[in-house]
Amino acid sequence: LLLLLLLPAPGAAERRRLACATCRGLVERFNQGLADTAKKNFGGGNTAWEEKTLSKYESSEIRLVEIIENLCDSSNFECNNMVEEHEEQIEKWWFKLKKKYPDLFKWFCIETIEVCCPPGTYGPDCLACRGGSERPCHGNGHCDGDGTRSGDGSCSCKKEYTGEFCLDCSDGYFSTLKNETHSVCTACHAACKTCTGSSNKDCQDCKEGWVKNEEAACVDIDECDGSPCKDDQYCLNTDGSFSCKACDASCVGCTGEGSDKCKTCASGFIKEDEKCTDINECTLPEKVCTRENEDCVNTKGSYKCVCSEGFEEKDGTCIPIVKTGK
């Protein structure tokens with residue numbers, strides 16, 4: 001409760017959105033309740049007498065009470081409050097108006113307690129969204145407040161579209177169809193920032209990383225010509241950009257991926273068959289591990305000296321491992 005008191009109160013517009021969402025959820029639960037109770041009856045034993053005396057379960061007060069009891073979760077204050085406040089209207093619809101107004105959402109949420117609007121309309125007076133209530137935002141965006149008593153009817157366009165009514169094409173898209181009611185925007189070629197068609201020759205402006213050639217087509221700039229990477233990296237050109245990749249460990253400088261693209265071999269490697277390959281220091285004529293009872297172990301680009309099996313290092317020498325008896 002304390003947390004609820006400390007939370008900022010929602011604004012009027014947000015309260016109106018919430019009221020519509022609550023009513024919509026309430027009606028959905030009501031319809032689910034109808035489905036769940038569709039095959040029930042009073043179950044009191046003498047069903048024929050019950051149907052004759054108490055009316056059919058289908059339109060009975062007992063069924064209505066069962067449905068209403070399950071409309072809201074116990075923690076949903078807004079829903080419980082709405083049911084409590086408008087229970088008489090729900091009962092009136094159930095007993096007197098259900099056949100005339102079968103759409104509970106329309107009768108209850110839109111026309112009776114007036115917390116929602118018909119699709120394609122918004123605000124306290126349910127005005128038509130921009131672009132018209134039939135196709136709000138011309139089908140290319142979302143109308144603010146659509147179906148609620150809130151919002152201002154303005155359009156939030158999909159990424160392909162822009163403008164007050166979502167009829168214009170955003171940068172990177174061009175128009176393939178446009179009239180008073182419809183607009184279709186299609187993606188430009190990857191090279192174009194703006195365009196009039198689908199190819200790289202239809203670019204009005206090139207994207208960054210692209211430049212117009214002598215045929216006025218936007219083509220990729222090869223940034224690798226300028227050697228933009230570090231000494232231990234090679235440049236990989238991509239459409240509209242580039243990336244710097246690490247050279248192979250066997251290289252000092254390189255022109256591409258792998259040990260065959262080294263400019264110079266790193267220490268511990270030697271050029272063989274156009275590749276920088278590891279030198280096995282352990283097979284060199286001159287021994288590199290000179291202590292007694294010591295073995296040489298080759299590693300990539302180097303080697304290490306370790307005590308032979310049965311020996312351990314102590315004070316810089318390899319001594320026999322002493323096995324203690326039981």
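**Surface charge and disulfides**

A patch of negative charge on the surface brings together E61, E84, E85, E87, E88 and E91. This is a predicted model, in which local features need pLDDT of at least 70 and side-chain atom pairs count only at pLDDT 80 or more, while totals for chains, interfaces and linings use all residues. Residues are numbered from 1 along each chain as its sequence is written, and side-chain values use heavy atoms, with hydrogens and water left out. Patch members have over 30% relative accessible area and no salt bridge, with like charges joined within 9 Å.

Helix 5, residues 77-97, gives the most to the negative patch, with five residues; helices here are DSSP runs (H or I, at least four residues), and strands are E runs of at least two. E84 is placed in helix 5, and its relative accessibility of 65% makes it exposed (exposed is over 50%, buried under 20%, with a 1.4 Å probe and protein chains only).

I turn to the disulfides. With sulfur atoms of a cysteine pair within 2.5 Å as the criterion, the count comes to 19 disulfides. One of them joins C20 to C116, S to S 2.1 Å. The torsion about that S-S bond is about 115°, so the disulfide is right-handed. C20 lies in helix 2 and C116 in the loop between helix 6 and strand 1, so the pair ties together parts 96 residues apart in sequence. Both C20 and C116 are buried.

What is the handedness of the link of C247 and C254? With -85° about the S-S bond, the link of C247 and C254 is left-handed.

Methods
Patches are made of residues with over 30% relative accessible area and no salt bridge: like charges are joined within 9 Å, nonpolar side chains (Val, Leu, Ile, Met, Phe, Trp, Tyr) within 5 Å. Accessible areas come from the Shrake-Rupley method with a 1.4 Å probe; for residues, only the protein chains shown count as cover. A salt bridge is a side-chain nitrogen of Lys or Arg within 4 Å of a carboxyl oxygen of Asp or Glu. Lys and Arg count as positive and Asp and Glu as negative; His and the chain ends are not counted. The place of a charge is taken as NZ of Lys, CZ of Arg, CG of Asp or CD of Glu.
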